[in-house]
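Student: I would like to go through this protein with you. Could we begin with the overall fold and then turn to particular residues?

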Amino acid sequence: MEHTDQETANNSLPDDIEQNFLTQFSSMVTTDKEELINQFQTIGENVNLTTATFFLDMSNWNLQAAVGCYFDFMGQNRHPSMRLVNDITVGRGEKITPNTAIKLTWLLQNNGDIAWPSGTYVSVQRNENTTRQNAPLSYEDLKFYVPAVLPNDTFPVSVQLVSPPVEGPFETVWSIFTPGGNSFGENIISRLEVSLDGTMAVTQQFSELETNSSIADSTVGNLTDSQANEDNEMC
């Protein structure tokens, strides 16, 4: 009987520890991110800076929520994930003229077990060699935000950039990041050819005009139908 009671006490110990931590952190109120990270790391010797930042990011820097997520998900290794489904860039495969603004679009999937954190964004990875050769690349500091996509769902993500001033191959590597700047999922590699006879920008402009024209036609049609219905009601 004593042995059974001892086993029961041992099995309940982790839950008691978790509850104690949650109760302790619920009374801590601070907005200093460094202090929140330090407090989070006190829950265990193996909780490093990256782990603490990751869970705090996912919880919008709510310490109590982050600790709860850690105990719920860390043991199951449940992190956000992403895979590239398809490159759906308009004019894909065409060359681009130098010093030209273009839009790249990809269909991304959340292939993980949890939704992407609110504030997730796509941004280019800095390439020191490319940066020195074609500096400045202003788009390197831009963040293209995406919604909190649910597991197994897909979402089209578009980014904008400017081609370099010289002809030749132009490669950029993009990643998806948590709000705090931690990357996850696959890297997205874009390879373009910069040439004076490039047509990609023109193709994208025509596509945008067609899209805007279709939207305008649809709006006019809806207004016409609405007006006709109002006239019929008056009769």
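This is a predicted model: local features need pLDDT of at least 70, side-chain atom pairs count only at pLDDT 80 or more; totals for chains, interfaces and linings use all residues.

Student: How many helices and strands does the protein have?

Tutor: There are six helices and seven strands. Along the sequence they follow the pattern α-α-α-α-β-β-β-α-β-β-β-β-α.

Student: And how much of the protein is buried?

Tutor: Of its 235 residues, 35% count as buried. The accessible surface comes to about 14,300 Å², and carbon and sulfur atoms account for 48% of that area. As for contacts with a separation of 6 or more, 66% are between residues 24 or more positions apart.

Student: How many bridges join strand 3 to strand 4?

Tutor: Two bridges join these antiparallel strands. Tyr121 stands opposite Tyr145 of strand 4.

Student: What about strand 2, with which strands does it pair?

Tutor: Strand 2 pairs with strand 1 (residues 83-87) in the antiparallel sense, over four bridges. Strand 2 is also joined to strand 5 by nine bridges, again antiparallel. For specific positions, Asp87 has Trp106 in strand 2 as its bridge partner, and Lys103 has Gln160 in strand 5.

Student: Let us look inside. Which residues have the most contacts within the largest nonpolar core?

Tutor: They are Leu104, Trp106, Leu108, Trp116, Val122 and Trp174, in a core of 24 residues. At least two residues of this core come from each of strand 2 (101-109), strand 3 (121-124), strand 5 (154-162), strand 6, strand 7 and helix 6 (200-234). In soluble globular proteins, nonpolar side chains tend to be buried together.

Student: What is Leu108 in contact with, beyond its neighbours within four places in sequence?

Tutor: Its contacts include Met82, Leu84, Val85, Trp116, Val122, Phe155, Val157 and Ile188. Arg83, Asp153 and Thr154 are also among the contacts of Leu108.

Student: Which residues does the second core include?

Tutor: That core is separate and has 17 residues, among them Ile37, Leu56, Val67 and Tyr70.

Student: Back to strand 7. Is Ser190 buried or exposed?

Tutor: Ser190, which is found in strand 7, counts as buried because its relative accessibility is 7%, below the 20% cut-off. Leaving aside neighbours within four places in sequence, Ser190 is in contact with Leu104, Trp106, Phe170, Glu171, Thr172 and Trp174.

Student: Glu171 carries a charge partner, I suppose. With which residue does Glu171 meet in a salt bridge?

Tutor: Its partner is Arg191, with a distance of 3.0 Å from N to O. Arg191 lies in strand 7 (residues 183-194) and Glu171 in strand 6 (residues 168-177), so the pair ties together parts that are 20 residues apart in sequence. Arg191 is exposed at 61% relative accessible area, whereas Glu171 is partly exposed at 40%.

Student: How many salt bridges are counted?

Tutor: The count comes to two. In the pair Arg92 and Asp87, the closest N and O atoms are 4.0 Å apart. Arg92 counts as exposed, with 55% relative accessibility, and Asp87 counts as partly exposed, with 25%.

Student: Now the surface. Which residues make the nonpolar patch?

Tutor: Val202, Phe206 and Leu209 make a nonpolar surface patch of about 310 Å². Leu209 is found in helix 6 and is exposed, with a relative accessible area of 56%.

Student: Finally, the loops. Where does Asn60 lie, and what is its phi?

Tutor: Asn60 lies in the loop between helix 3 (49-58) and helix 4 (63-73). Its phi is near 55°, a positive value in a residue other than glycine. Asn60 counts as exposed, at 57% relative accessibility.

Student: And Asn152, is that residue buried or exposed?

Tutor: Asn152 is exposed, with a relative accessible area of 58%. Asn152 lies in the loop between strand 4 and strand 5, and has a positive phi of about 75° although it is not a glycine.

Technical notes:
Residues are numbered from 1 along each chain as its sequence is written. Side-chain values use heavy atoms; hydrogens and water are left out. A salt bridge is a side-chain nitrogen of Lys or Arg within 4 Å of a carboxyl oxygen of Asp or Glu. Buried means under 20% relative accessible area, exposed over 50%, partly exposed in between (1.4 Å probe, protein chains only). A nonpolar core is a set of buried Ala, Val, Leu, Ile, Met, Phe, Trp, Tyr and Cys residues joined through side-chain atoms within 4.5 Å. Contact means heavy atoms within 4.5 Å. Accessible areas come from the Shrake-Rupley method with a 1.4 Å probe; for residues, only the protein chains shown count as cover. Patches are made of residues with over 30% relative accessible area and no salt bridge: like charges are joined within 9 Å, nonpolar side chains (Val, Leu, Ile, Met, Phe, Trp, Tyr) within 5 Å. Two strands pair if DSSP finds at least two bridges between them.
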